[in-house]
Amino acid sequence: MTRGSSSRRRLLAGVAATGAAALAGCSGLPFAGGEERRDSPVSLPADAVGSIEWPASPFPTAVPASLAAAHEARTRSLLDDVPAEPELPNAAVATEIETRRERARERANAGLPDEWPVDDLDAWRRRREDAAEVRAAYRAATGNDDGSELSARRRAVRDARTALTGDLAYRSESTAAAVLAYEPVESLLAECARSVRPQVTYPADPVAEPFRAGEAVGRVERAEAAAADAEGLREACLDSWDEASPRWASLVAAAETLRGSVSRTRASVRERVGREDPLDEEDLSGTVAQELAATGETRVESAVEDVSRATDAGEHATAVVEAGTALAEVEAYRAAVVEIRDGRHRAAPTESSVRSTAERARAAVSEAVDAGDPLAARLLRPGLGVFGYAADRVEEGYGSAPRRTQASLVYAALYASAVPAAAEFVRERLE
């Protein structure tokens with residue numbers, strides 16, 4: 001089984017969809033004789049890509065086991081409050097609640113993605129939200145109105161988030177350690193803010209709309225869980241350091257400097273490879289190269305936007321990580337263009353070529369983290385995600401698109417190869 005299937009799939013679904021859209025306009029370009037290249041008839045076996053070993057977690061200290069344990073206990077308690085066979089006046093609602101309860105219980109009993117400990121927390125927050133939705137829907141269907149209590153819970157979690165944000169001086173033993181410690185904290189605070197917004201309001205008549213009631217309660221449950229994790233991760237780091245000084249000013253300065261570096265690097269590379277369409281004169285229709293070029297271009301655009309978003313949001317640790325990611329993405333795209341111009345990635349993919357490309361990616365990942373640099377490990381994550389998504393798709397039976405699979409693996413290798421230099425560049429701006 002490859003690592004973290006469901007979490008990666010959510011993460012990359014948008015990128016995959018955008019890449020497909022980008023390809024739609026050029027996939028039908030004719031070759032001589034009016035024919036089109038199409039995917040080779042090869043269908044990849046489930047083990048054609050295989051798994052990849054994740055590096056050690058870049059989080060500066062051990063993630064307290066008590067955080068995941070609290071989520072699990074809360075999840076199971078919420079589900080235990082719902083009968084296995086609910087008896088309700090509305091038989092259709094009863095059946096749906098029964099189905100959702102069983103699905104939530106199956107998820108609670110499933111294994112966790114074998115990635116990093118912070119990912120375990122993410123998985124448990126989702127499970128906890130699912131369980132809260134089921135319980136709240138059952139309570140609504142049985143005539144319980146939790147609207148007032150939900151409003152109070154929402155105010156409490158907003159106050160908790162505000163207090164934590166106001167006390168976020170980014171205290172750490174170094175600026176580099178602050179990046180790795182507080183990036184997940186910032187992500188959790190953003191998750192909390194999204195979830196606590198009343199985008200789904202509790203219904204005036206919960207009996208008539210039990211599943212809307214469940215969704216409203218589930219969102220606040222997730223906000224509470226995210227706030228607890230943010231506080232727990234911050235305290236774990238502070239407890240592990242003998243000396244911790246505020247790093248806010250140095251992080252802000254580094255984030256702004258790196259934002260400019262990303263912009264200049266992107267402009268320089270675009271100038272060197274040929275502005276808007278560096279492969280305009282290349283006939284790439286129906287090739288791995290076509291997929292590779294579209295993937296790289298889409299990922300660069302997204303990465304650069306992520307830098308600006310994080311900086312503008314005041315998520316300084318996240319902005320530093322996103323800047324390092326963007327620098328690696330730009331270099332990976334540049335390297336892809338060079339390889340395509342050199343005539344590579346034109347042949348129809350085979351099972352053998354997919355396997356060898358997967359091995360190339362594994363070797364690049366191993367080399368990128370060989371020095372044990374936690375910052376490089378963190379920047380490597382997008383490449384691990386690209387590899388894992390390709391592996392999951394093939395393992396789950398979608399092996400009939402070898403072009404896209406091989407292109408993803410090439411890109412994962414190019415991205416991993418770009419990470420060490422990007423990490424070193426970022427680290428120099430943090431010192």
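Is Arg-234 buried or exposed? I found Arg-234 buried, at a relative accessible area of 7%. My cut-offs: buried is under 20% relative accessible area, exposed over 50%, partly exposed in between, with a 1.4 Å probe and protein chains only.

Provenance: this is a predicted model, where local features need pLDDT of at least 70, side-chain atom pairs count only at pLDDT 80 or more, and totals for chains, interfaces and linings use all residues. Residues are numbered from 1 along each chain as its sequence is written, and side-chain values use heavy atoms, with hydrogens and water left out.

**Salt bridges.** I took a side-chain nitrogen of Lys or Arg within 4 Å of a carboxyl oxygen of Asp or Glu. The whole structure gave me 40 salt bridges. Arg-153 pairs with Glu-224 at 2.7 Å, N to O. Arg-153 sits in helix 5 (residues 147-166) and Glu-224 in helix 7, so this pair ties together parts 71 residues apart in sequence. Arg-153 is buried, at 17% relative accessibility. Arg-234 bridges to Asp-167, with the closest N and O atoms 2.9 Å apart. Asp-167 is partly exposed at 38%. Arg-234 also meets Glu-235 in a salt bridge (3.1 Å, N to O). Glu-235 is partly exposed, at 26% relative accessibility.

**Helix 3.** Helices are DSSP runs (H or I, at least four residues), numbered from the N terminus. I listed its buried residues: Val-93, Ala-94, Ile-97, Arg-101, Ala-104 and Ala-108. Down the axis of helix 3 they fall within an arc of 95° (directions from the axis to the C-beta atoms), so they line one face. The face turned away carries exposed Ala-91, Ala-92 and Asn-109.

Note on methods. Helices (H or I, at least four residues) and strands (E, at least two) are DSSP runs, numbered from the N terminus.
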